[in-house]
Amino acid sequence: MRIGELAARAGTTTRALRYYEARGLLPARRDENGYRTYDEGDLRLLEQIRTLQDFGFELEETRPFVECLRAGHPEGDSCPASLLVYRRKLGELDALIGQLSAVRETVAGQLRRAELARDALAAEALVPGGPEPVCELGGLS
C-alpha cells in the first residue's frame with residue numbers, strides 16, 4: 001500500500017509517517033517508481049507506536065516495541081527491552097502519582113482552611129454589629 005492509504009488506515013498523517021521513517025521506526029521501502037510502499041506489518045508497527053503514545057510514551061520509548069515486532073515476535077512487548085521500558089514508565093508514573101498526591105493534599109488543606117475562615121466570618125456576621133459577609137467577587141454572600 002502507499003503512504004496515503006497507510007496513513008488513513010492507521011489514523012495518522014503522511015507527515016507523521018515520514019517522520020517515523022526519518023527516525024528509523026518505519027521502514028523506507030520504495031517501489032520501482034520511487035513511491036513509498038508499505039504492508040500489513042508496517043500497519044502493525046504503527047498501531048503499536050500509536051497505542052504506546054496514547055498511553056503517554058515518548059516516541060523514542062516505542063523503539064524497543066517496534067524492534068521486537070520487527071524481530072518476528074507476535075507482540076511488541078514480549079522482548080526484554082520492551083519490559084525494561086514498561087518498568088521505567090511505571091516508575092515515572094509512580095513518581096507522578098506521588099507528586100499529584102502531595103499537591104492534592106495541599107489543595108485539600110487550603111480548602112479546609114478557607115472553609116474554616118468562611119465559617120468564622122459567617123459566625124461573626126451573626127453577631128449584632130458584626131461585619132457583613134462579602135463575596136470575593138464583590139457581591140454579598
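**View 1. Aromatic pairs in the predicted model.** In this predicted model, the structure holds 3 aromatic pairs. One of them joins Phe-57 and Phe-65, whose ring centres lie 6.1 Å apart and whose planes make an angle of 80 degrees, an arrangement that is edge-to-face. Phe-57 counts as buried because its relative accessibility is 7%, under the cut-off of 20%. Phe-65 is also buried, and its relative accessible area is 0%.

**View 2. The pair of Phe-65 and Tyr-86.** Phe-65 forms an edge-to-face pair with Tyr-86 as well, with 5.1 Å from centre to centre and 65 degrees between the planes. Phe-65 belongs to helix H4 (residues 63-70), whereas Tyr-86 belongs to helix H5 (residues 80-126), so this pair ties together parts of the chain that are 21 residues apart in sequence. Tyr-86 is partly exposed, because its relative accessible area of 28% falls between the limits of 20% for buried and 50% for exposed.

**View 3. The cluster of rings.** Phe-57, Phe-65 and Tyr-86 are linked into a cluster by ring pairs.

**View 4. A charge over the ring of Phe-57.** Phe-57, a member of the cluster, also has the charged end of Lys-89 sitting over its ring, at 5.1 Å from the ring centre.

**View 5. A charge over the ring of Tyr-35.** The charged end of Arg-2 sits over the ring of Tyr-35, where the distance to the ring centre is 4.0 Å.

How values were computed. Residues numbered from 1 in each chain as written. Predicted model: local features only at pLDDT ≥ 70, side-chain atom pairs only at ≥ 80, totals over all residues. Heavy atoms only, no water. Phe/Tyr/Trp six-rings, centres within 6.5 Å; stacked < 30°, edge-to-face > 60°. Buried < 20%, exposed > 50% of the residue type's maximum accessible area, 1.4 Å probe, protein only. Helix = DSSP H or I, 4+ residues; strand = E, 2+ residues; numbered from the N terminus. Lys NZ or Arg CZ within 6 Å of the ring centre and 35° of its normal.
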